[in-house]
Amino acid sequence: MNAYKLRKIYGKNIKYYRFCKGWSQEKLAEKSSLDINTIKGLEIFNKSPSPETTCKIVNALGITPKDLYDEKILKYNLPTKITGFKKKSRLMSTAKSILQ
């Protein structure tokens, strides 16, 4: 496994768990006390996370660091924006069905 694949797994999982909460990138940045550009960079695989960044993200999302490296999420194409869903419940059921 190479560094790019790890960043891709990490970024897609951030996006997945963010979508499960119905949060925008801005909301996750606010909840994690991180800059919006950090969240964007992680989700598009341009940035490598520090341990401090990982702690802030997992605490905000209520997950474990292990969850951010689960490869199952790579099989799915997540929508680029939450606004494509008319109801939050539909968004959450779509996101949850991905890992079943």
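This briefing describes the helices, the core and the salt bridges of the structure above. The model is predicted. The protein has five helices and zero strands, so its pattern along the sequence reads α-α-α-α-α. Of its 100 residues, 39% are buried.

**Overall build**

- Contacts between residues at least 6 apart in sequence were examined, and 67% of them join residues at least 24 apart.
- The protein exposes about 6,100 Å², and carbon and sulfur atoms supply 50% of that area.

**Helix α2**

- Helix α2 covers residues 25-32, and its buried residues are Gln25, Leu28, Ala29 and Ser32.
- These four residues lie on the same side of α2, because they cover an arc of only 100° around the axis.
- An α-helix has 3.6 residues a turn, so residues three or four places apart point the same way.
- The cover over the buried residues of α2 includes α1 (3-21), α3 (36-43) and α4 (51-61).
- Just after α2 comes Ser33, which has a positive phi of about 60°.

**The largest nonpolar core**

- The largest nonpolar core contains 18 residues.
- Ile14, Leu28, Ile57, Leu61 and Leu68 have the most contacts inside this core.
- Helices α1, α2, α3 and α4 are the elements that each give two or more residues to the core.
- The most comes from α1, which gives five residues.
- Leaving aside residues up to four places away in sequence, Leu61 touches Ile14, Tyr17, Arg18, Lys21, Trp23 and Leu28.

**Salt bridges**

- The structure holds two salt bridges.
- Side chains of opposite charge can pair when their charged atoms come close.
- Glu71 counts as partly exposed because its relative accessibility is 38%, and Lys5 counts as partly exposed at 32%.
- The other salt bridge joins the side chains of Arg18 and Glu43, at 2.7 Å from N to O.
- This pair links distant parts of the chain, with Arg18 in helix α1 and Glu43 in helix α3, 25 residues apart.
- Both Arg18 and Glu43 are buried.
- Arg18 is also one of the residues that Leu61 touches.

Methods. Residues are numbered from 1 along each chain as its sequence is written. This is a predicted model: local features need pLDDT of at least 70, side-chain atom pairs count only at pLDDT 80 or more; totals for chains, interfaces and linings use all residues. Side-chain values use heavy atoms; hydrogens and water are left out. Buried means under 20% relative accessible area, exposed over 50%, partly exposed in between (1.4 Å probe, protein chains only). Contact means heavy atoms within 4.5 Å. Accessible areas come from the Shrake-Rupley method with a 1.4 Å probe; for residues, only the protein chains shown count as cover. The arc is that of the directions from the helix axis to the C-beta atoms. A nonpolar core is a set of buried Ala, Val, Leu, Ile, Met, Phe, Trp, Tyr and Cys residues joined through side-chain atoms within 4.5 Å. A salt bridge is a side-chain nitrogen of Lys or Arg within 4 Å of a carboxyl oxygen of Asp or Glu.
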